[in-house]
Amino acid sequence: MSSPTLPSASLHTLNVCPTLINSSCAWASDLDDLTELYECEWTGAVVCRTATWNGFKEGEEHGVVFGKDMSNATLTTLNTYGYSPHPLSQYLAWIRELFANAPPRSNPSKPFIISITSNDPRELKEMVASIQTFRKDMGDIPSPSSPSPTCRIGIELNTSCPNMGPSHPPPSYIPTLLLPLLTVLADAFKADRSLTLGLKLPPFVHRGQFDAMIGATHMFTFLSPSTGEVNPFAYFASTNTLGSGLMFNEMVHMEAPSFIPNQTSSEASSQSPSPYALSTGGLAGAPLHPLSLGNVFTFRSLLATYPSSAMRGIKIVGIGGVVDGAGWKRMETAGASIVGCASIFGKEGVEAFVFVAAHL
Ligand SMILES: Cc1cc2nc3c(=O)[nH]c(=O)nc-3n(C[C@H](O)[C@H](O)[C@H](O)COP(=O)(O)O)c2cc1C
């Protein structure tokens with residue numbers, strides 16, 4: 001496979017080549033993971049695991065399991081993770097370290113997409129400000145007069161983790177929770193129009209949810225004297241895992257690269273250990289694929305006919321059950337400009353991208 005024919009796509013100021021990426025996940029957590037993803041010729045960008053301001057406290061209830069049948073056609077994961085234990089500042093330090101090395105030959109401007117989240121708009125504002133300060137330090141903020149700049153750092157707001165408990169539902173399901181967060185991002189974009197912003201969305205299951213998400217995003221469209229209608233959001237990453245899944249012990253593969261949390265001491269000593277491999281969590285892999293395809297297709301169809309030209313320009317990163325080249329093609333046909341994978345990456349490591357890219 002030779003590089004010159006690799007497909008590329010832009011996400012606002014980011015150049016993604018090839019149009020295959022990892023999606024934010026537990027296997028994009030630390031410096032080793034990020035180094036491998038950055039150096040891999042078959043990922044067009046690196047998406048970090050979702051970071052919080054202070055780092056997420058992981059406990060024994062957090063983990064991931066693979067379904068018993070590990071063949072790609074049925075590859076299934078269920079995870080109960082929250083967010084990365086590493087704080088945002090750690091990701092910025094790692095990206096600085098990686099940018100000090102020679103960039104990958106396949107794409108000298110290969111970007112990092114920093115996935116972040118917070119329920120608190122004030123905290124989110126601080127997080128975005130620290131990324132912007134970092135971008136400035138790294139020379140990643142071009143002059144406003146630069147005609148078509150290429151940047152190397154973007155921000156993805158994770159609005160869709162299903163594992164945060166009853167007090168923190170995924171904000172994308174509840175527009176009143178989402179709007180203050182989108183306001184923070186939109187303000188940052190207005191202050192620096194080179195900033196690439198994406199939203200990681202949950203699987204939606206009826207038309208009203210798609211309309212509400214598009215409506216909430218369109219509230220931030222504004223008129224620019226020089227360029228006409230602009231929307232701050234470059235892309236929707238669709239979809240995250242589907243919440244509230246449950247797998248019994250007999251359904252999971254015990255030797256897979258899973259992390260099954262230890263049973264608590266009371267469970268371990270009880271006469272009847274839990275029949276469940278994990279508590280309820282986010283379902284991904286092959287069982288999610290049709291729903292993710294439907295989400296990508298619905299967003300693309302609704303955006304393509306939207307009256308606002310700025311909304312029509314929002315791109316879709318298709319994620320969910322892509323485990324081979326055929327899945328990548330289906331995502332593209334459904335409307336994705338770029339395709340992301342997590343579960344197959346968890347199973348195979350970065351070799352997964354070579355395999356998925358084999359249809360090129
Ligand atoms: C173990 C695991 C951890 C994940 N962690 C994150 C995360 O931190 N942030 C995020 O936006 N999505 C996270 N995801 C969701 C994935 O990015 C992806 O949207 C989902 O798994 C569907 O893709 P897949 O079928 O290729 O796995 C995680 C998925 C898995 C399996």
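Q: Where is L20 placed, in which strand?
A: L20 sits in strand 3. Strands (E, at least two residues) and helices (H or I, at least four) are DSSP runs, numbered from the N terminus.

Q: What kind of model is this, and how are residues numbered?
A: This is a predicted model: local features need pLDDT of at least 70, side-chain atom pairs count only at pLDDT 80 or more, and totals for chains, interfaces and linings use all residues. Residues are numbered from 1 along each chain as its sequence is written.

Q: Back to L20. Buried or exposed?
A: L20 is buried, with 27 other C-beta atoms within 10 Å. A residue is buried if 20 or more other C-beta atoms lie within 10 Å of its own, exposed if 12 or fewer, and partly exposed in between; C-beta atoms are placed from the backbone.

Q: Which residues does L20 touch?
A: Leaving out residues up to four places away in sequence, L20 touches W42, T43, G44, W328, V339, F353, V356 and A357. Touching is contact: C-beta atoms, placed from the backbone, lie within 7 Å.

Q: How far apart are the C-alpha atoms of L20 and C341?
A: They are separated by 8.0 Å. Along the chain, L20 and C341 are 321 residues apart.

Q: Let's go to the sheet. How many strands form it, and in what order?
A: There are 8 strands in an open sheet, ordered 3-16-15-12-9-8-7-4. The pairing is parallel. Two strands pair if DSSP finds at least two bridges between them.

Q: Which strands stand at the edges?
A: Strand 3 (20–22) and strand 4 (46–47) do. Each has a single partner strand, so one side of each is left without a neighbour in the sheet.

Q: What holds paired strands together, in general?
A: Strands of a sheet pair through backbone hydrogen bonds, either parallel or antiparallel.

Q: How many residues of strand 15 are buried?
A: In strand 15 (residues 315–319), 5 of its 5 residues are buried. K315, V317 and I319 point one way, while I316 and G318 point the other way.

Q: Why two ways?
A: In a regular strand the side chains alternate between the two faces of the sheet.

Q: Which strands are joined to strand 15 by bridges?
A: Strand 12 (residues 235–238) is joined to strand 15 by 4 bridges. There, Y235 has K315 as its bridge partner. Strand 16 (residues 338–341) is joined to strand 15 by 3 bridges. G318 stands opposite V339 in that pair.

Q: New topic. How many residues are in the largest nonpolar core?
A: It has 101 residues. Those with the most contacts inside it are V46, C48, I114, L185, Y235 and V356. Helix 4 (residues 175–191) gives the most to this core, with 8 residues. Such a core is a set of buried Ala, Val, Leu, Ile, Met, Phe, Trp, Tyr and Cys residues joined through C-beta atoms within 7 Å.

Q: What about the ligand? How many residues surround it?
A: The count is 27, and the closest are S23, S24, A284, A342 and S343.

Q: How do the shell residues divide?
A: They divide into 11 nonpolar, 14 polar and 2 charged. Here Ala, Val, Leu, Ile, Met, Phe, Trp, Tyr, Cys and Pro count as nonpolar, Asp, Glu, Lys and Arg as charged, and the others, Gly among them, as polar.

Q: Which peptide bonds are cis?
A: The bond from C17 to P18 is cis, with omega near 0°. The bond from S238 to T239 is cis too, with omega near 20°.

Technical notes. Near = placed C-beta within 6 Å. Contact = placed C-beta atoms within 7 Å.
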